[in-house]
Amino acid sequence: MKYVDEFREPEKAHALQKEIVKISRQIEKHIKIMEICGGHTHSIFKYGIEAILPDNIELIHGPGCPVCVMPRGRLDDAIAISQHPNVILATFGDTMRVPGSKDSLLQAKAKGADIRMVYSPLDSLQLAKDNPNKEVVFFALGFETTVPSTAFTILQADAENIHNFSMFCNHVLVIPALKALLDNPDLQLDGFVGPGHVSMVIGTDPYQFIAQQYHKPIVVSGFEPLDILQSVWMLLKQLVENRYEVENQYNRLVEKAGNQIALKAMNQVFAVRETFEWRGLGELPNSGLKIRPEYSQFDAEVKFTIPNQKVADHKACKCGEILKGVLKPWECKVFGTACTPETPIGTCMVSSEGACAAYYKYGRFSNFTQKIAAEKQTATLTS
């Protein structure tokens, strides 16, 4: 397939791997590189990229999965909205199985709530047109990647004067999360593989503070194997040359200034919240979006009464530490046992972009079995 196979050629991958090994020998210390986007984590394990990197290069998985960073309290709020009379709650498929404090949306649906899976916000708008006697609420979430489609849907609803449609807005912003990670003393990172999808919208300029204030390199990357390998090589090259810059490996789709049409629609419809809660990262200032007062008729938080309570994560789940990059999924005691994609305890095991789901599907049998083997060997030695 043109424009896909070209980024998966084994010969080029092998050449890049050799260059990475060569340049890594010039670096004496252990290097930690965080890939911010969950899509990158998925690709890294799908194509076995981590396994071919030198031992002194470690990939850390960041909080780039929008479903994973959703706190339990906001899930409870969505379920509460769905339980209002004559409400249809629409959401993406990944969100359906995310556990709240008591139920997931799928379990609430089984108990009688009218909750439907859609593929885009416009699908939920069509539901409102098809059901004029119902209140249709779209559970909107995601980073800047999905914000434009949400914004354009609200603008369309306004243009068509559709009154039985609203959104429960849970959109979050990537830059405040990166600042929180960089300010975390427990997480010493050497560089970042920047998110490709988010950067298609916001561009590369917003990342300048990483290089200028924190003196860390960042390379915005595509999602194919050669994209990620080249991005790692570019990061290592910066480190060897003592450079701290924002580089764009994904220049076939990402522009420096981003997508101006998308950004204009976002700014027209949404304003920045003063604070928003993230799973694992806690309350982060200026890290979420809310619907502007001019479009309050489409704001579910204005239309409905919701609990709006903070709910602690499951005690056994280490999803918060995994999202911060402090732990790897296989270091969680319930990973692969009590917590699986069929019976998830935390959000990281639910979404296809979650680190736990990626480990389980592609990397579980190497990392998890190594952990078990090490524990058995320790038990034998101490018995």
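Contact here means heavy atoms within 4.5 Å. The model on screen is predicted.

**Stop 1: His-61**

Select His-61 in strand β2, which spans residues 57-64. The residue is buried, because its relative accessible area of 3% falls under the 20% limit. Now show its side chain. A polar contact of 2.5 Å links it to the side chain of Glu-35. A polar contact of 3.1 Å joins the side chains of His-61 and Tyr-359.

Next, display what surrounds His-61. Setting aside neighbours within four places in sequence, its contacts include Met-34, Glu-35, Thr-41, Phe-45 and Glu-50. Further along the chain, Ile-322, Leu-323, Gly-325, Lys-328, Pro-329, Ala-355 and Tyr-359 are also in contact with His-61.

**Stop 2: helix α2**

Pick helix α2, residues 38-46. How many of its nine residues are buried? Seven are, so the helix is largely enclosed by the rest of the structure. Colour them: Gly-38, Gly-39, His-40, Thr-41, Ser-43, Ile-44 and Phe-45. Then step just past the helix to Gly-48. Its phi is positive, about 65°.

**Stop 3: helices α1 and α10**

Select α1 (residues 10-24) together with α10 (residues 225-240). Two packed helices are described by the angle and the distance between their axes. Here the axes come within 10 Å and cross at roughly 20°. That makes α1 roughly parallel to α10. The crossing of α1 past α10 is left-handed.

Show side chains across the contact. From α1, take Lys-12, Ala-13, Leu-16, Glu-19, Ile-20 and Ile-23. From α10, take Leu-226, Leu-229, Gln-230, Val-232, Trp-233, Leu-236, Lys-237 and Val-240. Colour by class: the contact of α1 with α10 has 10 nonpolar, one polar and three charged residues.

**Stop 4: Phe-304**

Phe-304 sits in the loop between α12 (300-303) and α13 (319-323). Is Phe-304 buried or exposed? It is buried, with a relative accessible area of 11%. Leaving out neighbours within four places in sequence, it is in contact with Ile-81, His-84, Val-87, Glu-135, Val-137 and Ser-166.

**Stop 5: two residues with positive phi**

Stay in the loop between α12 and α13 and select Asn-308. Its phi is near 55°, a positive value in a residue other than glycine. Asn-308 is exposed, with a relative accessible area of 54%.

Now jump to His-215. Look in the loop between α9 (208-212) and β8 (218-220). Phi of His-215 is positive, near 55°, and this residue is not a glycine. His-215 is partly exposed, at a relative accessible area of 46%.

**Stop 6: Thr-340**

Finish in the loop between α13 and α14 (355-382), where Thr-340 is found. Thr-340 is buried, with a relative accessible area of 10%. What does its side chain make with the side chain of Thr-343? The pair forms a polar contact of 3.0 Å. Not counting residues up to four places away in sequence, Thr-340 touches Met-349 and Tyr-360.

Definitions and conventions:
Residues are numbered from 1 along each chain as its sequence is written. This is a predicted model: local features need pLDDT of at least 70, side-chain atom pairs count only at pLDDT 80 or more; totals for chains, interfaces and linings use all residues. Side-chain values use heavy atoms; hydrogens and water are left out. Helices (H or I, at least four residues) and strands (E, at least two) are DSSP runs, numbered from the N terminus. Buried means under 20% relative accessible area, exposed over 50%, partly exposed in between (1.4 Å probe, protein chains only). A polar contact is a pair of N or O atoms within 3.5 Å; within protein, one must be able to donate a hydrogen and the other to accept it, and residues adjacent in sequence count only if both atoms are side-chain atoms. Axes are lines fitted to C-alpha atoms, for helices over the stretch in contact, and angles run from 0 to 180 degrees between N-to-C directions. Angles under 35 degrees count as roughly parallel, over 145 as roughly antiparallel, 65 to 115 as roughly perpendicular and the rest as oblique. A crossing is left-handed if the near helix is turned anticlockwise from the far one by less than a right angle, and right-handed if clockwise. Ala, Val, Leu, Ile, Met, Phe, Trp, Tyr, Cys and Pro count as nonpolar, Asp, Glu, Lys and Arg as charged, and the others, Gly among them, as polar.
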